[in-house]
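Here are some exercises to work through with the coordinates open beside you. Try each task before reading its solution.

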Amino acid sequence: MGGDDDPVWTRRRFLAGMAGTAAALMGITALFSAEAIARPAAAAPPVRDTICGILAFVVPGNDPYSRHQGVSTDRVGGATEDAAASLEHTFDHASPVPLLGRAGGNLPGAAAVAALVNMYAVTVDAGSLVGPFAAPFANLNHDAKARVFELLDTEPQFDGTMLTYVVNAIPTLAAFAAYSEVSAFDPDRRVLTGRPFGWELARYDGVADGWDEFAGYYRGVDRIEE
Amino acid sequence: MRDVIVIGSGGGGPVVAKELAARGLDVLVVEAGPRFADPENEWTHFEDDANNPLTGFFRQGPGDRSRTPWLRDLPQNSYVWQVAGVGGTTLHYFGNSPRAVPGVFVGYDGADRNMYDTDHLFPFGYDELRRYYEWVEATLPVQTAPMGTKERIFLRGAAALGLPHQTTHDTTVASHRAQQNAVLQPGGTAGRTRDPQRLRHPEARGCTMCGHCYQGCYLPAGAPRNLKAKRSTDNSYVPMMLTAEAWSPHGRAATLVTDATVTQVLTEDVHGETTARGVRFRTLDGEEHEERAQVVVLAAGAIESPRLWLASDLPNPNDWVGRGLTDHHMDAVFGVFDEDTGQTRGAGSNARVDLPGYGGIEQVGMPPALQAYSLAFSDSGIHGYGRAGGVVDDAGADTLGRLVGRDLLATLDDANRTLAALVITDDDVEPGNRVTRSTMLLPDEGGLAPKVTMRHRRRSERTRRNREYCTRKAVELMRAAGARSVHRCDWPPLILHAQSSMRMGTSGNDSVLDATGEARWVKRLFVADNSALANSLGGPNPTLTTQALATRTSEAIFRTYFGGDAWVGREDPVSSVDDRVTAAVIAQGL
């Protein structure tokens, strides 16, 4: 799926996606959004909606992004305000310089990530420009989101560039954020403000200074000699 | 003029500094990152706070976390996971301290001698390094790891594969064992209680089995710095180098300067030979400094050392500076079990399988965010949706690739019902895998950023064979241990073990260092970090061997340029937990 021989993935379709994305980058889709957590400014890419769409894709929950993609649960998943803010902060540090050049708006960080995945979201489904969210990516169903990443992972134009690293980092860092403490963490005081949602998903006992876990030494060997 | 300047205070630099400070030399250590002087108050166990690769307190970047990290240009799907600061990448390491396999040294004549990277052997025999291993193992100290739940399950699987139990330091046949770790064994209440009030030193001693090796070791609470459980160099060699006058009869404390980036190795021509004469470095206030020394030791790590060499315009006649980077071509295999695995409890890795000629497998324990990171990191695309051009199969696992959505939720439904195995491949030195300098990223304090190229889908045939062999074994191990399902991640290069990019070797055609660790083309310049390794050691974790080699290099420096005698094998090593070190650490508020 998604290779150069895939009828869905053609140069023509890519160029169409680029055009659509240019519109997306200008915030045109914000006019259609109904459920966006954070409405973007007219000239800015819809970063928060995109990031929430990514978090919901990687760790679905009971949020609007998960429900819209058709894969949701009855619990809080990855798409929380705090996790999204943290992930944006991470992306801003991961790529502080413009990644996409003029065609991508010379955007750095989370804005570049948003532009990138939205560009390919429109490529996968031009209809994603219209939907409940400002971000085309967030308007896709789960399968289509997966196809976006397959296209990104196989995009020959990225070969030998840092974009291959960035593309891989998007879902990886999203997974890390969703299961970390950031959904219930005060970064200034560096203390929990509640039980992180990701910990609940993983039934994690939480951090500790130690456990009564010592079970002796394997086959009674507690030291070895030459 | 100093006697010796050491650039970097990670796994190797403090070893040289401690050894030469113990001989009474005037040693300056310059570290680009911060020093965490009060980790009990500066660190937390929270994964994002600690390990967010871009914003955590353990990252490759300045101590001020509001500032941009020191990025690397990675022109492929990959990540280089290192830590800047005093302790370097040992701050988040697991303390695993196996010796290299004998087959990667010259002179090895075992029946399996052709199984290794025979084109890039160490330029001396394994027996030559043995006494340095023993010295470092006594100094750290290295001890046999205890068992917890995850180790019991992992070793149950290993034993079921028919692998014998190894009870020696030297690895000669395929086997399984508890790790030899640079982690103090649990004592007192450590490992016997979860009550934090009863886990303070000295009631608790050694590893409290908290499950947070990767977030840095500051336990047991209240313990002097040199008695913290994990022997990362900030807890072992650094306290020793800073207190050398207290425990060595002729010792002289080393000087440590942090938050100071070396921008150039200074050289001059001496009798027609390029000769190191000092360093130039920049401190946080932007001020430039120069220090001169009789000997300079490059120990900034396998990425930064070649970068600094290139930035300094030092000679590179065979073009091998930065080449030959090895990383153990890692992969990860996860099992999901119906029983409690204790995956988030206990030390990071207390059990291993060695497969000489192929590599090995380690049990690794992680809290949930790092498990999620591991499961979502792949070179094979999103499981069930595509392959992203991936070049491997599932190696017998039930699933392959990046887990997202319901697959990730199901696998991580209980962070204590997974078991993770890290595949560490005996990978080949290949010239195309290398460190250069980037013209894409903005320069940082050190100048042009490093560019790390790993041709991971085009590794040598032997490397690919070895990785598949070890991964398949890991899958078999999980099933033998009772896993309900098994997943293969197929990691792209997750460069946790960066090695051999300034390698020593038998031939001047494909190495940077001679057999003593001295640069072939710059006199009085030595390299003493993972980059000095001749190869990937056959798969074992690199830190112990780097430290043994750095000890050997220290002797070479002392003999060659200071007229001294060797000491390893002639004197008894002082342990980093020795009472004299402890008293000095307390007295100096370290």
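A residue is called buried under 20% relative accessible area, exposed over 50% and partly exposed in between, using a 1.4 Å probe and protein chains only. Helices (H or I, at least four residues) and strands (E, at least two) are DSSP runs, numbered from the N terminus. This is a predicted model, in which local features need pLDDT of at least 70 and side-chain atom pairs count only at pLDDT 80 or more, while totals for chains, interfaces and linings use all residues. Residues are numbered from 1 along each chain as its sequence is written, chains are lettered from A and ligands numbered from 1 in the order in which they are written, and side-chain values use heavy atoms, without hydrogens and water.

**Exercise 1. Find out which residues of α8(B) are buried and what covers them.**

Step 1: Locate the helix, which spans residues 304–311 of chain B.
Step 2: Apply the cut-off; the buried residues are B:Glu304, B:Ser305, B:Pro306, B:Arg307, B:Leu308 and B:Trp309.
Step 3: Because 6 of its 8 residues are buried, α8 of chain B is largely enclosed by the rest of the structure.
Step 4: Look for the cover, using contact (heavy atoms within 4.5 Å). It includes the chain B strands β1 (2–7), β10, β12 (288–298), β18 (434–437), β19 (450–453) and β22 (525–527).

**Exercise 2. Describe the overall build of chain B.**

Step 1: Count the elements: 13 helices and 22 strands.
Step 2: Work out the globule rule, 2.2 Å times the number of residues to the power 0.38, for a radius of gyration taken over C-alpha atoms. For 590 residues a compact globule would come near 25 Å, and the 22 Å of chain B agrees.
Step 3: Check the box along the principal axes, where the C-alpha atoms fill roughly 65 × 55 × 50 Å.
Step 4: Take the contacts between residues at least 6 apart in sequence; 72% of them join residues at least 24 apart.

**Exercise 3. Inspect the backbone of chain B for cis peptide bonds and positive phi values.**

Step 1: The bond from B:Leu140 to B:Pro141 is cis, with omega near -10°, and B:Pro141 sits in the loop between α4 (126–139) and β4 (143–144).
Step 2: B:His201 and B:Pro202 are also joined by a cis bond, with omega about 5°; the loop between β7 (187–188) and β8 (204–205) holds B:Pro202.
Step 3: B:Asp259, not a glycine, has a positive phi of about 50°. Its relative accessible area of 22% makes B:Asp259 partly exposed.
Step 4: B:Ala388, again not a glycine, has a positive phi of about 55°, and at 4% relative accessibility B:Ala388 is buried.

**Exercise 4. How many residues of chain B are in contact with chain A, and which three supply 11% of the area that chain B buries there?**

Step 1: Counting contacts gives 95 residues of chain B against 66 residues of chain A.
Step 2: Buried area is the accessible area (1.4 Å probe) that two parts lose on being put together, summed over both. The two chains bury about 6800 Å² between them, with 60% on carbon and sulfur atoms.
Step 3: B:Phe46, B:Tyr385 and B:Leu409 supply that 11%, more than any other three residues.
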